[in-house]
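Here are my notes for you on this one. Have a look at the model first, then read the points in order.

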Amino acid sequence: MFRLFAPSHPAYLRAVRTSAWYDLVVTAGFATPWTYALVHDALSKFGDALGLGALPVLDPIEILYANLMGSVVVVWALLRIINPLPVHGLFDGTARTLFSAWQGYALAHGAPRWLWLFFVAEVAFGVVQLVPWWRARRTDLMGLSAVQPHGDAGR
């Protein structure tokens with residue numbers, strides 16, 4: 001059985017660090033124009049060989065956006081690897097929710113189907129990092145309502 005831990009639990013920080021290692025491995029190749037050309041070629045060949053779709057020909061704006069995304073994600077990943085904090089998991093889970101939304105949008109509009117592999121990873125890491133915060137907040141709110149009766153709110 002899979003058990004989610006509270007944001008302050010050491011296992012939660014391991015999850016934050018694990019998601020950071022995943023990000024570093026997956027996005028480091030996007031950080032420079034030269035490495036992105038290699039990643040782009042590999043993803044295109046992979047998708048084409050499996051019948052999952054190839055990427056369009058590279059253009060300077062696509063390269064720029066890939067490099068911006070790769071650079072920011074690499075720095076963010078290094079921060080979470082070197083000094084993982086509970087709040088990093090909250091922000092990373094939120095970012096993964098946004099990434100998942102945009103990946104879903106791209107998939108719905110004809111992106112290569114191999115993108116599903118990354119979509120599943122984004123959703124999974126997002127859930128692992130956000131659900132403990134949701135549960136902690138829900139527990140805190142339930143504790144408040146038990147401590148403070150509704151009739152005494154105005155005193």
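1. Which residue forms a salt bridge with Arg 96, the closest N and O atoms being 3.1 Å apart? That partner is Glu 122. A salt bridge here is a side-chain nitrogen of Lys or Arg within 4 Å of a carboxyl oxygen of Asp or Glu. Arg 96 sits in helix 4 and Glu 122 in helix 5, so the pair links distant parts of the chain, 26 residues apart. Helices are DSSP runs (H or I, at least four residues), numbered from the N terminus.

2. Some housekeeping before we go on. This is a predicted model, where local features need pLDDT of at least 70 and side-chain atom pairs count only at pLDDT 80 or more, while totals for chains, interfaces and linings use all residues. Residues are numbered from 1 along each chain as its sequence is written, and side-chain values use heavy atoms, with hydrogens and water left out.

3. Back to the charges. Arg 96 also meets Asp 92 in a salt bridge (2.7 Å, N to O). These two are four residues apart in helix 4, so about one helical turn separates them. Asp 92 has another salt bridge, to Arg 80, with the closest N and O atoms 3.1 Å apart. Because Asp 92 lies in helix 4 (residues 86-108) and Arg 80 in helix 3 (residues 60-82), this pair ties together parts that are 12 residues apart in sequence.

4. Put together, Asp 23, Arg 80, Asp 92, Arg 96 and Glu 122 are linked in a network of salt bridges. The structure holds six salt bridges.

5. Buried means under 20% relative accessible area and exposed over 50%, with partly exposed in between (1.4 Å probe, protein chains only). Arg 80 is buried at 0%, Arg 96 at 2% and Glu 122 at 9%.

6. Now the greasy part. The largest nonpolar core has nine residues, including Phe 30, Tyr 36, Leu 43, Trp 114 and Phe 119. Such a core is a set of buried Ala, Val, Leu, Ile, Met, Phe, Trp, Tyr and Cys residues joined through side-chain atoms within 4.5 Å. Domain 1 (8-84) and domain 2 (86-144) both give residues to this core, so it lies between them; the domain bounds come from an automatic or database domain assignment.

7. Take Leu 43 as an example. Leaving aside neighbours within four places in sequence, Leu 43 is in contact (heavy atoms within 4.5 Å) with Phe 30, Leu 55, Trp 114 and Phe 118.
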